[in-house]
Amino acid sequence: MSETVLIPGGRDVRATLDVAGSDGENAGDDAGSDGEPVDGIASEAVVVACPPHPQHGGHRGDGRLVAVSDALGRRGVDCLRFDYGAWDEGHGELADAHRAVEWAADRYERVALFGFSFGGTMALLAAAGGADVRAVSALAPAHRLAEDLDVVAAFPDVPVPVQVVYGTRDDVAAAHLVAERAREFEQAVVELEADHFFVGQEEKAATAVVDFLVPWLQSPASR
C-alpha cells in the first residue's frame with residue numbers, strides 16, 4: 001500500500017510511503033487504512049529516497065526510485081519517496097532530506113538513505129551532515145552542486161557505509177569522481193554498462209542498491 005505523507009517543517013514537502021507486506025511483497029490491497037498490513041506485521045526498516053533534480057523534472061515518481069521501492073517491498077522494507085519543497089539552490093532541498101529522515105527515524109527502528117542523480121548528492125550530503133541513518137546508496141550522484149555542496153569534499157564526514165552505483169557511459173553527471181572518492185575510503189562501488197538514466201537497466205540498478213542496503217537494515221538477530 002502507498003499513502004501520502006506531509007513532512008513537517010517550514011517547506012511544503014510531500015512524500016509517498018510504500019508499505020511492504022508481511023509476505024515480502026508490497027502490501028497493496030492487503031494493507032489497512034493506517035498503512036500497516038492487516039495481520040499487524042509491519043516493517044521496522046525504511047529507506048528514504050531522494051528524487052533527481054526538481055528543475056529538470058525530478059519527482060518522487062521517478063522510475064529509478066519506484067524500481068528501488070518495489071525491490072525493497074519484496075524484501076520486506078518500506079520506502080519513503082519524497083518531493084522537495086520550492087527550489088532553493090540545493091540548500092533547502094538538503095534540509096528537506098534531513099526532515100524526511102527525521103520523520104522516518106521517529107517511526108522506524110532502522111533508516112537508510114538512497115538517491116538518484118541530484119538526489120544521490122542530497123543523500124550523501126545528508127549523511128555527511130549527521131542524518132540518523134544506517135547506510136546510504138547513491139545512484140549516479142553529481143559530485144558537486146556548489147562550493148558548500150561538494151560530495152567529494154564532504155565524503156570524510158560520512159560516518160556510515162556508502163555505496164556508489166554509476167554508469168560507465170554517464171555523460172550527464174561526473175559520478176565517476178564520487179566513485180573514485182568512495183574507493184579511497186574503501187566503500188562499495190558498482191559499475192554498470194549504462195548511461196546516466198540507466199535506460200533498460202533500472203531493475204539491475206535497483207537490485208544492486210537493495211542488495212547493499214537491506215543487510216544494514218536487518219536487526220542483529222536476523223543477520
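**A sheet and its helices**

Me: In strand 4, which residue is the bridge partner of Val-46?
Reply: The partner of Val-46 in strand 4 is Asp-78. Helices (H or I, at least four residues) and strands (E, at least two) are DSSP runs, numbered from the N terminus. This is a predicted model, in which local features need pLDDT of at least 70 and side-chain atom pairs count only at pLDDT 80 or more, while totals for chains, interfaces and linings use all residues. Residues are numbered from 1 along each chain as its sequence is written, and side-chain values use heavy atoms, with hydrogens and water left out.

Me: And how many bridges join strand 3 to strand 4?
Reply: Four bridges link strand 3 (residues 45-50) with strand 4 (residues 78-82), and these two strands run parallel. Strands pair if DSSP finds at least two bridges between them.

Me: What is the strand order in the open sheet?
Reply: Its eight strands follow the order 1-2-4-3-5-6-9-10, and the pairing is mixed. Strand 1 (2-7) and strand 10 (188-192) are the edge strands, each pairing on one side only.

Me: Which strands does helix 1 touch?
Reply: Helix 1 (residues 63-74) packs on the sheet and touches strand 2 (13-18), strand 3, strand 4, strand 5 (110-116) and strand 6 (136-139). Contact means heavy atoms within 4.5 Å. The direction of helix 1 makes about 165° with that of strand 4; such angles run from 0 to 180 degrees between N-to-C directions, with axes fitted to C-alpha atoms, for helices over the stretch in contact.

Me: At what angle do helix 1 and helix 6 pack?
Reply: Helix 1 and helix 6 (residues 202-217) pack at about 50°, and their axes are 9 Å apart. The two helices are therefore oblique to each other, as angles under 35 degrees count as roughly parallel, over 145 as roughly antiparallel, 65 to 115 as roughly perpendicular and the rest as oblique.

Me: Back to helix 1: is Arg-64 buried or exposed?
Reply: Arg-64, which lies in helix 1, is buried, with a relative accessible area of 12%. Buried means under 20% relative accessible area, exposed over 50%, and partly exposed in between (1.4 Å probe, protein chains only).

Me: What is Arg-64 in contact with?
Reply: Leaving aside neighbours within four places in sequence, Arg-64 is in contact with Phe-114, Phe-116, Leu-139, Phe-197 and Glu-202.

Me: New topic: which residues touch the most other members of the largest nonpolar core?
Reply: Of its 46 residues, these are Val-48, Leu-80, Phe-82, Leu-113 and Val-136. The largest share of this core, eight residues, comes from helix 3 (residues 118-128). A nonpolar core is a set of buried Ala, Val, Leu, Ile, Met, Phe, Trp, Tyr and Cys residues joined through side-chain atoms within 4.5 Å.
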